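Please consult the sequence and the model while reading.

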Amino acid sequence: MAEPATIAARVGWVRERMQAARDRSTAGNRSRPLVLVAATKGASRDRVQEAIEAGIDAVGENRLQELTAKFAGRPPAVPCHFIGRLQRNKVRLALQWCGMIQSVDSLALAETIHARHLESGAGSGSSARGGGRPILVQVNVAGEATKGGIAPEALDEAVERMAQWPGLAVEGLMTIPPYAPDPEAARPHFRRLRLLAERIDARRVPGVSMATLSMGMSHDFDVAIEEGATMVRIGTALFGARQ
């Protein structure tokens, strides 16, 4: 099937694929909502607005400079997630714009988010479960030297540390698997993230939820949802190849 021509049609097409993948899934979390985050890196404000009007759930940006320039000081009408590598000296700005930080890849970054969130007075980005800023812990499931993220073997201890900081609300995990032409190559990595989340969830760490698994992008989101993703980050399939 050819990809639809308009952004509105693409949103509908992606939603249909998401639901079909959920219907095929045996991961056991099919009752949780499926969240479509539009990865808007390189997309113009007008094209992002089209996607918002077509019903995406959230905007996901990799670069704060692009985010603030694109929306000219007025945040989008849907929630904004930060999904890229976040420098600690940019945390304050990220918290002003983004309700969720998906790419928390170290304890040092987590502690900075905790401190800056408390300094800000725990505003509109606070979790419904408490006063902390919603975050996802980025896990380097494949141990790639070129990618950020906490190693799977260090994850339990890291989550327990983060749970002690009231400025944070740990709401799940996020990963970016190695790219391969065949999306099936990512399946073991997605499955591993789900199993890590299930292990942490079974420990019932106070203040920690594993309800969100952010995994899967345009190339492999069908496989990610089959393996338990509850949130996908879609750019090319919505906006076309970046210029």
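Against which elements do the buried residues of α2 pack? They pack against α1 (7-24), β2 (58-61), α3 (64-70) and α9 (236-239), where helices (H or I, at least four residues) and strands (E, at least two) are DSSP runs, numbered from the N terminus.

The model is predicted: local features need pLDDT of at least 70, side-chain atom pairs count only at pLDDT 80 or more, and totals for chains, interfaces and linings use all residues. Residues are numbered from 1 along each chain as its sequence is written, and side-chain values use heavy atoms, with hydrogens and water left out.

**Helix α2**

Helix α2 spans residues 45-54. Its residues are sorted below as buried (under 20% relative accessible area) or exposed (over 50%), with a 1.4 Å probe and protein chains only.

| Class in α2 | Residues |
|---|---|
| Buried | V48, A51, I52 |
| Exposed, on the face turned away from the buried side | D46, E53 |

Seen down the axis of α2, the buried residues fall within an arc of 100 degrees, so they line one face of the helix. The arc is that of the directions from the helix axis to the C-beta atoms. Just after α2, G55 takes a positive phi of about 110 degrees.

**Helices α6 and α7**

The axes of α6 (residues 155-163) and α7 (residues 187-203) come within 11 Å and cross at roughly 50 degrees. These axes are lines fitted to C-alpha atoms over the stretch in contact, and angles run from 0 to 180 degrees between N-to-C directions. The two helices are therefore oblique to each other, as angles under 35 degrees count as roughly parallel, over 145 as roughly antiparallel, 65 to 115 as roughly perpendicular and the rest as oblique. Contact (heavy atoms within 4.5 Å) is made by L155, D156, V159 and E160 of α6 and by L196, R199, I200 and R203 of α7.
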